Amino acid sequence: MQAKKRYFILLSAGSCLALLFYFGGLQFRASRSHSRREEHSGRNGLHHPSPDHFWPRFPDALRPFVRWDQLENEDSSVHVSPRQKREANSSIYKGKKCRMESCFDFALCKKNGFKVYVYPQQKGEKIAESYQNILAAIEGSRFYTSDPSQACLFVLSLDTLDRDQLSPQYVHNLRSKVQSLHLWNNGRNHLIFNLYSGTWPDYTEDVGFDIGQAMLAKASISTENFRPNFDVSIPLFSKDHPRTGGERGFLKFNTIPPLRKYMLVFKGKRYLTGIGSDTRNALYHVHNGEDVVLLTTCKHGKDWQKHKDSRCDRDNTEYEKYDYREMLHNATFCLVPRGRRLGSFRFLEALQAACVPVMLSNGWELPFSEVINWNQAAVIGDERLLLQIPSTIRSIHQDKILALRQQTQFLWEAYFSSVEKIVLTTLEIIQDRIFKHISRNSLIWNKHPGGLFVLPQYSSYLGDFPYYYANLGLKPPSKFTAVIHAVTPLVSQSQPVLKLLVAAAKSQYCAQIIVLWNCDKPLPAKHRWPATSVPVIVIEGESKVMSSRFLPYDNIITDAVLSLDEDTVLSTTEVDFAFTVWQSFPERIVGYPARSHFWDNSKERWGYTSKWTNDYSMVLTGAAIYHKYYHYLYTHYLPASLKNMVDQLANCEDILMNFLVSAVTKLPPIKVTQKKQYKETMMGQTSRASRWADPDHFAQRQSCMNTFASWFGYMPLIHSQMRLDPVLFKDQVSILRKKYRDIERL
């Protein structure tokens, strides 16, 4: 009996001890795992982006490499000494908690709107060409003011782009120079542009001076140091990046199937030592020499041979076999690994080439991430999971690849193709933060024509813009306002302007007629105007200049505008037909008198022609229909220099409007039914006969075209051979079966 009792006690004790070890071990493992997660969170500032954030969002979502919260953050490639940490904390990170609400004075913007002041250049201070382009873009924009008392935002004339101490562009003693500026105010309401920060071997993000409460527009900025809704992440661009205009993307047509010769390519430096070496040194594991071509070279820098490894010679030989531009043109995906810094020139190169960027730069805050949805244009992976990239991109369906490539082209042309666009996008983002009640939404920023051409001051409702009717399920307007530009006195009841007024008023789509009286003679008496079934409003131009015909008059109550010269000869049927065509193309200019441009090789300049040819690139606003939003863009987007030129010449305003609309839409205008008598009739009228007979008239228009092309940075006009005619036009059928039966009789 005693033996059984002892046996039972020993068994119970053993069971309790086993349970104790089991539950204690669980608790130990759980606490160790919890502490590890806490340590991981602490190192990352409690910021764990969802894996979905790094992949394109498609109906059948792609699998991420691995859940981010299952990986430890091993920043083995980052070496920061205690001294460097102290220096960094005393400069860039001092205002790390800055946000618009705490470090920006909104009161400066409420009085005069969003105006930007650039400090005058100080004597003896050298400015690199890239920074000169940035300042020129600001000074040429509608935001610029030369009066600091009117400014809402301030930009230094001191060159802050290259803060690498080993660079010849490095500006010394910047700290004292900035502090001596009387408007500095600890950086409040200041914007600092920076492309390069830190230096060898660690390349930290320290810009070398105390930025105070200033905002940073910075390339290669990390998510750890990026201050959301305060800083702006900009792309790294080369000194050769065009100031204005820029080349269009390489995707000229919807190439189907979208797969190219290479699935994935990269060609660039391989770093043998120091930061940025890990990822690029591992690319040879993925390279197969067939559809995955990842080439690196050790052959850069003065001392590369001292550090070269056993692969360098083989890699250098393979590197020389391939032409980089040919690879870009023939690749579906382009790898964009980090360099010494987080950003890389390969990023913009891939965008332009319609090569879907595959991002390998952990912790990089992507350019303009505040407004651009990069999931629609790029694939974003993890540097530590390089080997999974080929299988991941091979799993993406072809229609998704085509969508990604098309979005790269839109983003490139809208925001990245020139220094001017990069700068204007930065300023527009800051303006949206200041005026949140009218800020642009994600649809505007990520869909054609983009945020730079959709001005929120015009309207906060997308339906008021001609680009979003289809997205909102809206039908184009059913009425138009005719705006007749009158420059000659009314001396006879048989003048063309009165016949034109009656013809426009009889249109079933006409809501009202506005006569813009830009004549030096007094307004005619009210009884001199013919009686019509629609209201006729006569507005006397105050300045009586050509640009006044495109002012956004409050009297225009319809979205559609029928712009007419006083000597235009149009029938009601022609007006009706042109308007029905415009309803199918509400973002374009639709009309009758067509003109064209050409490149004159002998003079090396653009030429203008009115010859009747098989193609055209302009539809003149003497008889054209367009959306009234273009009046607002013409008035508020274009610089005063171009409008003043038009007004001084009393010429070219119609060409400038065509330049503007083509630049916005990337499309040609639309010509409707040929009117051979339009030109002949107009030549016979009194109001413009002297102008058309003047040999200087065409010379002026040639000069205008080249001035406009210079400001835009490229030629936005696009040739077209399309002309739209009514159904059954000139067909041998009963005239009663034709809707626009009067047109072919003209």
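Which residue stands opposite Ala624 in S21? Select Ser563 together with Ala624: Ser563 is the one facing Ala624 in S21.

**Ground rules**

This is a predicted model, in which local features need pLDDT of at least 70, side-chain atom pairs count only at pLDDT 80 or more, and totals for chains, interfaces and linings use all residues. Residues are numbered from 1 along each chain as its sequence is written, and side-chain values use heavy atoms, with hydrogens and water left out.

**Stop 1: the whole chain**

Show everything. The chain holds 24 helices and 23 strands. Helices (H or I, at least four residues) and strands (E, at least two) are DSSP runs, numbered from the N terminus. Of the 746 residues, 54% are buried. Buried means under 20% relative accessible area, exposed over 50%, and partly exposed in between (1.4 Å probe, protein chains only). Now consider contacts, meaning heavy atoms within 4.5 Å. Among those with a separation of 6 or more, 76% join residues 24 or more positions apart. The chain exposes about 35000 Å², and carbon and sulfur atoms supply 52% of that. Areas come from the Shrake-Rupley method with a 1.4 Å probe; for residues, only the protein chains shown count as cover.

**Stop 2: strand S21**

Select residues 623–627. Five of the five residues of S21 are buried, so the strand is largely enclosed by the rest of the structure. Ala623, Ile625 and His627 cover one side. Ala624 and Tyr626 lie on the other.

S16 pairs with S21 in the antiparallel sense over five bridges. Two strands pair if DSSP finds at least two bridges between them.

**Stop 3: helix H17**

Select residues 496–505. Seven of the ten residues of H17 are buried, so this helix is largely enclosed by the rest of the structure. Color them: Val497, Leu498, Leu500, Leu501, Ala503, Ala504 and Ala505. What do they pack against? Their partners are strands S13 (480–486), S14 (510–517), S15 (536–540) and S16, plus helix H18 (572–584).

**Stop 4: a parallel sheet**

Go to S1, S2, S4, S6 and S7. These five strands form an open sheet in the order S1-S2-S4-S6-S7, with parallel pairing. S1 (116–118) and S7 (232–233) are at the edges with a single partner strand each, so one side of each has no neighbour in the sheet. S1 pairs with S2 (residues 153–155) over three parallel bridges. Pick Tyr117; its bridge partner in S2 is Phe154.

Now show helix H5, residues 129–139. H5 lies across S1, S2 and S4 (190–194), running at about 140° to S1. Axes are lines fitted to C-alpha atoms, for helices over the stretch in contact, and angles run from 0 to 180 degrees between N-to-C directions.

**Stop 5: Thr673**

Is Thr673 buried or exposed? Thr673 is buried, with a relative accessible area of 1%. Thr673 sits in the loop between strand S22 (670–672) and helix H22 (676–683). Leaving aside residues up to four places away in sequence, Thr673 touches Phe577, Tyr592, Arg723, Leu724, Asp725, Pro726, Phe729 and Ile743.

**Stop 6: Leu472**

Finish on helix H16 (residues 469–472), which contains Leu472. Leu472 is partly exposed, with a relative accessible area of 36%.
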